[in-house]
Structure formats: C-alpha cells, structure tokens
Amino acid sequence: MIFNKIATAAAVKATFNKHTYSTASSPKSAGSFYYQYGTPLVKCIVLASATTLGFQLLWQHLEYQEYRNEADAYVTKLENRLKSLEEQQQQQQEQQQ
C-alpha cells in the first residue's frame, strides 16, 4: 500500500518534472533549439520591442511638444517686436504731421 503511494508519487513527479519555459515534450527529446527555448526568447524580444517602441513614441511626443512651445514663444516674440515697430512708425508719422 505504501509502496503504491510512493510509486504513484514518483510517477506523477516524473510526469511533471519538465521545465515550464520549455515547449519540448520531454527534456531528452531531439527537438531543435527553437522548440526548446524559442517561446521565451520570442516573448522577451516582443516585449522588449514593444517597450522600446512605446518609450520612443513618448519621447518623440515630448520632444515635439518642447519644440512647439519654443517655436510659439519665438513667434510671439516676433509678433510683439512687429507691433512695437508699427507703433513707432505711427508715432513718427504723427510727429511729422
């Protein structure tokens, strides 16, 4: 009775004694490297690529926002300069008349 329980436990342990990252049916199978380690490598590469793409898009958005703010500030500065020059020209015309 005890021997049957030990034998059954050993059989169950041997059945579930494969690596969780391996897609091969057994550790001693003649599968290729991809079938044994490909799934985690592909998953890692896909996650790394998606993360890199996400960070790149975020960086590009923030970089463009900074550029746009600087460009708007420069345009505002030029508009103010133009207004002041127009006011000076109007004052000079008033003084000449």
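The model is predicted, and local features need pLDDT of at least 70, side-chain atom pairs count only at pLDDT 80 or more, and totals for chains, interfaces and linings use all residues. Residues are numbered from 1 along each chain as its sequence is written, and side-chain values use heavy atoms, with hydrogens and water left out.

Colour the chain by accessibility next: of its 97 residues, 3% count as buried, where buried means under 20% relative accessible area, exposed over 50% and partly exposed in between, with a 1.4 Å probe and protein chains only. The accessible surface of the protein chain comes to about 9300 Å², and 60% of it belongs to carbon and sulfur atoms; the areas come from the Shrake-Rupley method with a 1.4 Å probe, and for residues only the protein chains shown count as cover.

Now select Tyr34, Tyr35, Val42 and Val46, which make a nonpolar surface patch of about 420 Å². Patches are made of residues with over 30% relative accessible area and no salt bridge, nonpolar side chains (Val, Leu, Ile, Met, Phe, Trp, Tyr) being joined within 5 Å and like charges within 9 Å. Of these residues, Tyr34 lies in helix α2.

Move along to Tyr64 and Tyr67, which both lie in helix α2 (residues 33-96), three residues apart, or about one turn of the helix. Rings of Phe, Tyr and Trp (its six-membered ring) pair if their centres lie within 6.5 Å, with planes under 30 degrees apart counted as stacked, over 60 as edge-to-face and the rest as tilted. By this rule the count comes to one aromatic pair. The ring centres of Tyr64 and Tyr67 are 6.3 Å apart and the planes stand at 40°, so the pair is tilted. Both tyrosines, Tyr64 and Tyr67, are exposed.

Then show the side chains of Arg68 and Asp72, which meet in a salt bridge at 3.7 Å, N to O; the term requires a side-chain nitrogen of Lys or Arg within 4 Å of a carboxyl oxygen of Asp or Glu. The structure holds one salt bridge. Arg68 and Asp72 are four residues apart in helix α2, so about one helical turn separates them. Arg68 is partly exposed at a relative accessible area of 44%, and Asp72 is partly exposed at 37%.

Finally, select residues 68-95, which an unreviewed UniProt entry annotates as "coiled-coil region"; such annotations may be inferred rather than shown by experiment. In the model this span is 100% helix and 0% strand, and its end C-alpha atoms lie 41 Å apart.

Key: Helices (H or I, at least four residues) and strands (E, at least two) are DSSP runs, numbered from the N terminus.
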